[in-house]
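My notebook is open, and I am looking through this chain one piece at a time. Come along and check each entry against the model as we go.

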Amino acid sequence: MEKVLFIDLTERKVWSEEKGELFKKFLGGSGVAINLLHELCPEKEDPFSPENPIIFAVGPLLGVYPSCTKTIAMFKSPLTGNLGESHAGGRFGTALRCAGYGAVVIKGVSAEPVYLDIYDNDKVLFKRAASFLGLPPRRIIDYLKREDVLGLESVIATGLASEKFVAFAGVIVDKHFYFGRLGLGTIFGAKNLKAIRITSDGKIPIKNVDEYKILYDEIYEKIVKTDAMAKYHNLGTPQNVHSLNEIRGLPTRNFLSGYFEEAETISGEYFADNILLRKMPCSHCPIGCKHVALVKEQFAAQHELEVLELPYDYEPIYSLGSNLGVSDTVGVLKLISTCDLYGLDAMITGNLLAWVTEAFMRNLVTEKETLGLKPKWGYYETYIKMIENIVKMPNSFYASLAMGKVPVKEGESFYMTIGGNGVAGYHTGLAQVLGTAIGARHSHVSNAGYSLDQKYLGKELPPEEIVDTLITEEQKRCILESCGVCLFARRVYDLELISKALNPLGWNYSADELREIGKEIYRLKFKFKFREGFQFETLHIPERFFETPSANGLISKKKFFKALNYAAKRIKELAEIPVVEKK
């Protein structure tokens, strides 16, 4: 855990450094990553610069306890211009840790397309990847995955969107998992990096084995024999489709409504009953939350078919389903498959397509811009062609969309992004919008404001109480991220349990000490954002949020901005940024 592997793509140099004090102070994961980002990313650096580092970091519980599976990636985001942070499961983190590393830092730019072969003992091979250009990430992963590996192997890869520098390109992990948000794949493209393969056969040392075994069994029982994570095993996150639709919180047709009349055919229940092939777990997790569908696609005449195994989750189902008025089950899967084909973040892709559809209906966008395509709610074939154009950028209109920008100022009020990041599939109320606005990476999982909306459905909380609750929750999640805990397991791993779980590994922290570390990680994330020019005062909040009734009714614009101003002051104080009082 104390070893950081450094890879310079420009000079093709590899070395490692012991960072024991850093890991001791910040555990791992996002705590270590944000410190390295402050240290290694020059201030106000262009995200596409060779000096913008890619940082992968893992936590001390990863690969040791059930459902501790997440690797943290950090970088300067090409989409927002400030903090880029993305989390992924699969085998990547466990392979990284078993190779003997707590973190990997990649800087520079390769003179030619390359992929990295990483082993233990600082062995890294730079291999040509020109033959991978234009290929789907899954095909690259299939090619690089070996059958005769002794130990653990993980492969991550990018697609054409990365090569084209689409600002929201992602990285696919082990075929079924994603570093999806904020453009990590774009930075891969800027570095001419196509893929990474990690092979390891090391072990993770346990200091007190007897204590570890007892605690492991206790945690395992909570995970598999209580309702804490039952939802994720049974239907997975697509269970949200029905539950949100029932309370009128399912974003539909670009948030024009919170209810989708055809939600049944894109629900978790429908998927599970009709097209579910299997459930895919991350390494060392008994849940198997990743649900995989079996999809047949015809690629030529005379019934020439390709069979695809395609993972599906709630967020792409919402963004490419209800948000586009698409109720055709196979149509939603084809849209998800198209995003995967190019290596795109499905959420912001859906946000963009929904915006284009509404802008087209309002005559703000014409066939001249769309190159003859006529976007219409529910017509997924048109959306597939538009995704292709976003990646290939045949004109300035699509090039603007590829940067995550809308080219018509009059349409900004219904472009559903906050802080540059596409919003998630929850129109539950004030806490969800506010949570996304004040989250360090403008993500719904930063602090889960939607959960607060649903917990107090129909009740009105004071704005200050909502802000304080969201900030406290995000600080706690900084610890989960730093330890490698999957946020789906947050009901199991409270700070007291994390404190106990660290003990057999030789890490001695009380719950209160962990709480203070979480506050410091949170502070450093916002300090980086402010350093790179982020301002609450210029934060884009779509008017649509205040026009369409949420699950908790119409959101008061006055109350929202009262809460936002209070949050901005609190966060600046926490980040030690001078607060200028308005006269």
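**Entry 1: Helix 20**

I started with the buried residues of helix 20, which are L495, L497, I498, S499, A501 and L502. Buried here means under 20% relative accessible area, exposed means over 50%, and partly exposed lies in between (1.4 Å probe, protein chains only). Helix 20 runs over residues 495-502 and is mostly covered, with six of its eight residues buried. I then looked up what those buried residues pack against, and found helix 7 (209-225), helix 19 (463-483) and helix 21. Contact in these notes means heavy atoms within 4.5 Å. Helices (H or I, at least four residues) and strands (E, at least two) are DSSP runs, numbered from the N terminus.

A note on what I am reading: this is a predicted model, in which local features need pLDDT of at least 70 and side-chain atom pairs count only at pLDDT 80 or more, while totals for chains, interfaces and linings use all residues. Residues are numbered from 1 along each chain as its sequence is written, and side-chain values use heavy atoms, with hydrogens and water left out.

**Entry 2: The whole chain**

I stepped back to view the chain, whose secondary structure comes to 22 helices and 17 strands. Its C-alpha trace spans about 65 × 65 × 50 Å along the principal axes.

Of the 583 residues, 62% are buried. Among contacts with a separation of 6 or more, 69% come from residues 24 or more positions apart. I noted an accessible surface of about 22200 Å², 50% of it belonging to carbon and sulfur atoms; the area comes from the Shrake-Rupley method with a 1.4 Å probe.

Next I traced an open sheet of six strands, in the order 2-1-6-3-4-5 and with mixed pairing. Strand 2 (13-18) and strand 5 (83-88) each have a single partner strand, so one side of each is left without a neighbour in the sheet. Neighbouring strands are turned by 15 degrees against each other on average, direction ignored. Two strands pair if DSSP finds at least two bridges between them.

I followed strand 6 in particular. Strand 1 (residues 3-8) pairs with strand 6 (residues 103-107) in the parallel sense over five bridges; V4 stands opposite A103, and F6 opposite V105. Helix 2 (residues 29-40) packs on this sheet, touching strand 1, strand 3 (54-57), strand 4 (71-76), strand 5 and strand 6. The direction of helix 2 makes about 20 degrees with that of strand 4.

Strand 3 and strand 6 pair in the antiparallel sense over four bridges, and V104 is the bridge partner of F56. How are the faces of strand 6, covered or open? Both are covered, with A103, V105 and K107 buried on one side and V104 and I106 buried on the other.

**Entry 3: Helix pairs**

I compared two helix pairs, using axes fitted as lines to C-alpha atoms over the stretch in contact, with angles from 0 to 180 degrees between N-to-C directions. Helix 12 (329-342) and helix 15 (residues 380-392) pack at about 10 degrees, with axes 10 Å apart. They are therefore roughly parallel. Residues in this contact include L335 and Y342 of helix 12, and Y383 and I387 of helix 15.

The axes of helix 21 and helix 22 (residues 557-574) come within 9 Å and cross at roughly 105 degrees. That makes the two roughly perpendicular. For the record, angles under 35 degrees count as roughly parallel, over 145 as roughly antiparallel, 65 to 115 as roughly perpendicular and the rest as oblique. In helix 21, Y522, R523, F526 and F530 meet I571, K572 and L574 of helix 22.

G518 lies in helix 21 (residues 511-531) and is buried, at a relative accessible area of 0%. Leaving out residues up to four places away in sequence, G518 touches Q475, C478 and I479.

Last, I looked up S322, in the loop between helix 11 (314-320) and helix 12. S322 counts as buried because its relative accessibility is 0%. With the neighbours up to four places away left out, its contacts are L250, P251, T252, R253, F260, I266 and I317.
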